[in-house]
Amino acid sequence: MLAAREAFNASRRAPLLSMLGIVTIAFSLFAFGLFALVAVNIRHALRNVEQRVEVRAFVSEGTPADAIAAAMADIAVFPEVAKVDYITQEGALERARRDMGEFSDVFEEALLPASLDIHLRPGLRNPETVEAVADRVKSYQFVDDVRYGEEWVRKLYQLRTIAAGTGLGLGIAFAAVSIIIIGATIRVSVLARAREIAIMRLVGATDSFVRAPFLIDGFVKGILGALLAIGLTWVAYRMVDTQLFSVVFFDPRLIVVGLVCGASIGLLGSATSVWSHLRRI
Amino acid sequence: MIRLHDVAKEYTRTRVALSHVTLQIRRGEFVFLIGPSGSGKTTILKLLYMEEKPTHGDVWVSGVHANTAKRKEISQLRRRLGIVFQDFRLLEDRTAEENVAFALEVTGAPSSAIPQRVSRVLTQVGLASKATQLPRQLSGGEQQRVAIARALVNDPYFLLADEPTGNLDDRASRGVIQLLRDINAAGTSVIMATHDLEIVRRADNARTVELNHGRIVFDSSETPPPETRYTPLLGQPVIGGPSEGNWPPLPGDGR
C-alpha cells in the first residue's frame with residue numbers, strides 16, 4: 001500500500017519523466033508490434049497456402065464404386081488425414097473449368113480422370129508426411145497416379161522454415177532493442193530519484209522497501225506503454241487494411257501476450273535498474 | 001556501545017583516511033569529533049552508520065559488526081541510529097512532518113501511530129507550528145531541526161551528526177547545539193563531528209576526540225591524555241574563529 005502510494009506520488013511529482021517512460025515503452029513496443037503484425041500476416045498467408053496442400057490420387061476408369069468407398073473409409077482413418085473427397089470425372093471437369101476462368105471452354109467433355117482428393121491435418125503438411133501418404137495411396141490397385149506437387153510442397157515448407165527462423169531472429173533482436181531502450185529510460189527515472197533513494201537507505205529502508213515502488217512503477221508503465229503500443233499498431237493495421245490490402249490483426253490471445261510482455265519488460269527493467277543502483281550505494 | 005579497534009580506512013594506497021583508530025563510546029555520552037578537514041571525522045561517522053567498511057580493524061555498533069554486516073542488518077541498525085548532516089538531506093517535495101514520518105514509514109511502523117509520534121518529535125525540536133511547511137519555506141536552522149526530528153523519531157541509541165552547524169549562523173548553531181544537548185540529557189548518545197571549536201569550548205561535560213591525519217591525537221576521556229607528538233588542539237588559543245587555518249601545523253609539514 002505504502003509502496004503503491006510512493007510509486008503514484010513519484011509519478012505525480014515528475015509527470016513529464018513518467019510520460020517519457022510510458023511513451024518510450026510504447027514506441028519500443030510499437031516497433032516490435034509492427035514487426036509482429038507483419039510476422040502474423042506472413043504466417044496467416046502461409047497457413048492459407050498450406051491448406052491447399054493435398055494428395056490427389058487419380059482413379060482408373062471403371063473402378064467399382066464400392067471399391068472406392070472402401071478405400072475412402074480406409075484412407076480417412078490415416079492419422080495424417082483430415083478428410084477424403086471423391087471427385088468424379090464430371091466434378092473434375094467442372095473444377096477445371098472454374099480454375100481456368102476465361103479458358104474454360106477448352107474442356108468440352110469429361111476427359112479428366114476421377115480422383116480421391118486427400119486433405120491433410122494442419123501441422124502434418126510437411127514434404128515427408130505428404131510423400132508418405134502418397135506412397136500408401138499408390139498401393140491401391142485402382143490408383144493410376146498420385147500427384148501432390150512435390151517441388152511446390154518442398155518450396156512452401158522451406159519458405160515457412162525461413163520465415164519462422166527470420167521471424168524468431170528479428171523478433172529477438174527487436175525485443176532486445178526494446179528492452180535496452182526501456183531499461184535506459186527506467187534507469188533515468190531511478191537516477192532522478194537517487195537522492196531520495198540515498199535518504200531512504202540512511203533512515204533504515206531495506207532494499208526491498210526501496211525497490212517496491214520502482215517495481216510497481218515499472219509494471220504500471222509497462223502495461224500503459226503496451227496498451228498505447230497496441231493502440232498504435234491497431235491504427236497502423238486499419239490504415240493498411242482499408243487503404244492497401246486485407247490483413248489480419250492480433251487475436252485476443254496475442255493482445256494478452258503483448259500486455260504481459262509490456263508489464264514484464266517494465267518490471268524487469270525497473271528491477272535491474274534499481275538493483276544495479278542499490279549495489280553501488 | 002560503539003567500539004572501534006585498530007581501525008584503518010584506505011580509499012587508495014595513497015589516500016589513507018584513518019589509521020590505528022581505537023575508540024569506545026558508551027551509551028549516554030556526548031562526544032565531539034574535532035580536527036581539520038580531511039582528518040577523518042566524517043570517515044569515522046561513515047564507519048559508524050556503515051556506509052563504509054574498515055580496511056583493517058573492527059567496528060562494532062550496538063552489537064553489529066561492520067566488517068561482516070549484511071545489508072539488511074545495516075538497514076535495521078540505521079533505524080536505531082539518527083543521522084544528521086550539514087546539508088540536512090531533506091526530501092524537498094515533502095513537508096516537515098512528511099519528512100519525519102518518512103523515517104517511520106520505512107520501518108513499517110503502524111500508520112495509526114505515525115502522526116502522534118511525528119507531532120511529539122516536532123514539538124520537541126520546536127517546530128510544531130511549521131509541520132506543514134516545505135523545506136524551502138524554512139530557514140537553515142529550522143531545516144536542521146527537521147533533520148534532527150527525523151533522526152529522533154525512531155528513538156535512536158546514538159545520534160550521529162556530521163557538521164550539523166556548518167551551514168548555520170551563530171544563533172541557529174547555538175539553538176541546534178542546545179537541542180542536541182537536550183537530546184543527550186534525555187539519554188541518547190550524541191557523536192558530533194565539527195570544526196567549530198567555539199561550540200566545543202562552550203560545551204561542558206562533553207568528551208572531545210581530536211583527529212589529525214586519520215589518527216586520534218587527543219581523547220579527553222583518557223587520563224592522562226595519550227602521548228602524541230601533536231599538540232592537543234584545545235590547549236591552543238584559537239584566533240579568528242574556526243577555520244582550517246587555525247589548526248596547528250604538524251611538525252615538518254611546512255605550513
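## A tour of the two chains

Begin by selecting A:V177, which sits in helix α6 (residues 150-192) of chain A; helices (H or I, at least four residues) and strands (E, at least two) are DSSP runs, numbered from the N terminus. This is a predicted model, in which local features need pLDDT of at least 70 and side-chain atom pairs count only at pLDDT 80 or more, while totals for chains, interfaces and linings use all residues. Residues are numbered from 1 along each chain as its sequence is written, and chains are lettered from A and ligands numbered from 1 in the order in which they are written.

A:V177 is partly exposed, with 13 other C-beta atoms within 10 Å; a residue is buried if 20 or more other C-beta atoms, placed from the backbone, lie within 10 Å of its own, exposed if 12 or fewer, and partly exposed in between.

Next, show the open sheet of four strands in chain A, whose order is β2-β3-β1-β4 with antiparallel pairing; two strands pair if DSSP finds at least two bridges between them. At the edges stand β2 (81-87) and β4 (143-147) of chain A, each with a single partner strand, so one side of each is left without a neighbour in the sheet. From one strand to the next the twist averages 20°, where axes are lines fitted to C-alpha atoms, for helices over the stretch in contact, and angles run from 0 to 180 degrees between N-to-C directions. Strand β1 (residues 54-59) of chain A runs antiparallel to β4(A) and is joined to β4(A) by four bridges; here A:R56 has A:R147 as its bridge partner.

**Two crossing helices**

Now select α1(A) and α8(A), whose axes come within 8 Å and cross at roughly 65°. Their contact (C-beta atoms, placed from the backbone, within 7 Å) is made by A:A3, A:A4, A:E6, A:A7, A:A10 and A:S11 of α1(A) together with A:A212, A:P213, A:I216 and A:D217 of α8(A).

**Where the chains meet**

Display both chains, and the contact between them takes in twelve residues from chain A and 16 residues from chain B. On the side of chain A that touches chain B, α1 (2-13), α7 (194-202) and α8 (207-243) of chain A each supply at least two residues, and α7(A) gives the most, with four residues.

**Strand β3 of chain B**

Move to strand β3 (residues 30-34) of chain B, where five of the five residues are buried, so the strand is largely enclosed by the rest of the structure. B:F30, B:F32 and B:I34 point one way, and B:V31 and B:L33 the other way. β3(B) pairs in the parallel sense with strand β8 (residues 189-194) of chain B over five bridges, with B:I34 opposite B:T194. Strand β9 (residues 207-212) of chain B also runs parallel to β3(B), joined by four bridges, and B:L33 stands opposite B:V209 there.

**The cores**

Finally, colour the largest nonpolar core, which has 102 residues, B:L33, B:L48 and B:L122 being among those with the most contacts inside it; a nonpolar core is a set of buried Ala, Val, Leu, Ile, Met, Phe, Trp, Tyr and Cys residues joined through C-beta atoms within 7 Å. The largest share of this core, nine residues, comes from α8(A). Apart from it lies another core, of 19 residues, including A:A114, A:I118, A:V133 and A:V146.

Terms used: Two residues are in contact if their C-beta atoms, placed from the backbone, lie within 7 Å.
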